[in-house]
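Below is a short report on a single protein chain.

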Amino acid sequence: MRSLRIGGWRTRLYPCPGKVNGDRARVALAALLTLAAGTWLRGAEPGPAAYDVRAFGARGDGTTIDTDAINKAIDAAAAAGGGTVHFPAGTYASFSIRLKSHVALYLERGATLLAADPAAGKGHYDLPEANEWALYQDFGHSHWQNSLIWGIGLEDVAILGPGTIDGRGLTTRGPGAPWSRGKAGDRPLSMGPAAGATSDPEVAELRAMEGQGNKAIALKLCRNVTLRDFTVRSGGHFALLATGVDNLDIEGLRVDTNRDGLDVDACRGVRIANVSVNSPNDDAIVLKSSYALGFARATENVTITNCQVSGYDLGTLLDGTFRRTHERAPDRDGPTGRIKLGTESNGGYRNIVVSNCVFDRSRGLALEVVDGGTLEDVAVTNVTMRDVTTAPLFIRLGHRGRGPGPPPVGTIRRIAISNLLVADAEPRYASIIAGMPGHPVEDVQLSNVRIVYRGGGTRADALRDPPENEAAYPEPSMFGTVPAYGLFIRHARNVTLRDFEVSYGGEEQRPPVVLHDVAGIRFDHLRAARAAGAPFFLLREVSDLAVVGVPGLDDARLQRIEAGALPSQ
């Protein structure tokens, strides 16, 4: 018998009985190599080198707690230099599972890894590790060990399907960041004023979290990680929290969860593909760059492609009914379920591509920096959205300043968004590009964009001057109803729009575009529905404005407009 390593995992080759000539042996070996390689690539059933959890005492009956047996199987695989821990069909109730380097978990079809409930009195999750930097982000981002599956400082690990991770015993709760408790940026303004330190109920929740698990999968400072072809149902606060993970591949997952879906924090070399995430109460796929590691580290070199995100009623992605009765997320805005960069943004973002993605019954795309980082070189293309519950596009540079120092105001620059189709968008917020006085969002290109809003804005809405709210938690609702129905840009520089079209379904009295404190903006073939007497543009403190190919307007380049409208009223 000989062993063979394929794709980083060891399998075994057993000799065939009887006499086999050289040619037949070579053919047999080639066929076996092809089969083994295909097995690894597809995440199909592992070979005889797998460590079956039942052989280590797991019952898989959904009642017995199988934590010890699972961790023994992982330890045995790690001690042998690596291997695959195999979960046959069955339901394996467990508390914290501790991953090891060079080990894969394989959930075969019909296998469910069930997060046990500590309230049943049969055990508890690992306690959250100490983190001196927990001051600057909420509890969920600051700890990893209090999870169903966790690993710290690992390499060459994988979790493979097609089985299921069911997080029904996990909590979605967790205290907020101690630094910001009672401050404006602690929570979305839609939730009302932040509670003070003495009255905030989350203070008591620190004690309540002992023994609880609040993440399905948590990985910190790992490299060469593969997550493929499994399902997550109700993953707790995070279905996945990956912090400081490099070379991370996520493919073929189905996630239907009660809080965040996939959180990728301070990671490099990330590929997310062919994933569906339904998360009505929080973000679906979210890139972050928090201070949880004790230093600012950018999330960079990330692709998100061929993915679908949504805010359907919980559980209805997996049962195929796609229900839409859920009207509000916990922050009192519409269902979430979006792709977002932010909110935690100490380290910033670089070299990010989002392509070929579908948003349905969710908030729109959000690009946010409020904690001092730099967001640059982001490309978004071939995206459709339908039933959008807040702004289709939200690009926000603010100054919550959560971090040591405090951090300076950050930067957003070099954003390209193209081939975007949006239907049935919430009318209150338009698409928003918003920096701060003296800190503009820079170098944004929007091309081949079609957005249809529901309509409903009034002439009084067109006169609103939204508050700056520089330190607030970034959400479109922080500005209230904006004075444009299509595009609201404030504190920006070097913006280009080509082949951009906005319209509405119901009655709408606001203008399509409102610009305030914008320098260097070009509209090349803008088409916009507008009510009788409504201008195309309302302008305030705008310089170097170029208009080309806009129906009803002569091509023009205007050097400075302190206040006015186009066409003039």
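## Aromatic pairs

Phe87 is buried, its relative accessible area being 0%; buried stands for under 20% relative accessible area, exposed for over 50%, and partly exposed for values in between (1.4 Å probe, protein chains only). Tyr92 is buried as well, with a relative accessible area of 0%. Phe87 and Tyr92 make an edge-to-face aromatic pair, with 5.4 Å centre to centre and 80 degrees between the planes. Rings of Phe, Tyr and Trp (its six-membered ring) are taken as a pair if their centres lie within 6.5 Å; planes under 30 degrees apart are stacked, over 60 edge-to-face, and the rest tilted. By this rule there are nine aromatic pairs.

Another edge-to-face pair is that of Tyr136 and Tyr291, at 5.8 Å centre to centre and 80 degrees between the planes. This pair links distant parts of the chain, 155 residues apart. Tyr136 is in the loop between strand 9 (111–115) and helix 3 (139–142), whereas Tyr291 is in the loop between strand 22 (285–289) and strand 23 (299–305). Helices (H or I, at least four residues) and strands (E, at least two) are DSSP runs, numbered from the N terminus. Tyr136 and Tyr291 are both buried, and together with Trp133 they form one aromatic cluster.

## Basis of the model

This is a predicted model, in which local features need pLDDT of at least 70 and side-chain atom pairs count only at pLDDT 80 or more, while totals for chains, interfaces and linings use all residues. Residues are numbered from 1 along each chain as its sequence is written, and side-chain values use heavy atoms, with hydrogens and water left out.

The average pLDDT (the predictor's confidence in each residue, from 0 to 100) is 90 for the protein chain, and 87% of the residues score at least 70. Over residues 1–48 the pLDDT is below 50, and this stretch has 58 contacts in the model beyond near neighbours in sequence. Where pLDDT is low, the predicted coordinates should not be read in detail.

## Cysteines

The whole structure contains zero disulfides, a disulfide being a pair of cysteine sulfur atoms within 2.5 Å. For Cys307, the nearest cysteine sulfur is that of Cys357, 4.8 Å away. Cys357 is likewise in no disulfide, and its nearest cysteine sulfur is that of Cys307. Cys307 is buried, with a relative accessible area of 2%; Cys357 is buried, with a value of 1%.

Strand 32 (residues 441–453) runs parallel to strand 30 (residues 411–425), joined by nine bridges. Strand 32 also runs parallel to strand 33 (residues 487–504), with 11 bridges. Two strands pair if DSSP finds at least two bridges between them. Leu446 in strand 32 stands opposite Ile417 and also opposite Leu497 in strand 33.

Ser543 belongs to strand 35 (residues 537–548) and is buried, with a relative accessible area of 18%. Beyond its neighbours within four places in sequence, Ser543 is in contact (heavy atoms within 4.5 Å) with residues including Val518, Ile521, Leu558 and Arg560.

## Whole chain

The protein chain has five helices and 36 strands. Of its 569 residues, 59% are buried. Among contacts in the chain with a separation of 6 or more, 71% are between residues 24 or more positions apart.

The accessible surface is about 21200 Å², with 50% of it belonging to carbon and sulfur atoms. Accessible areas come from the Shrake-Rupley method with a 1.4 Å probe, and for residues only the protein chains shown count as cover.
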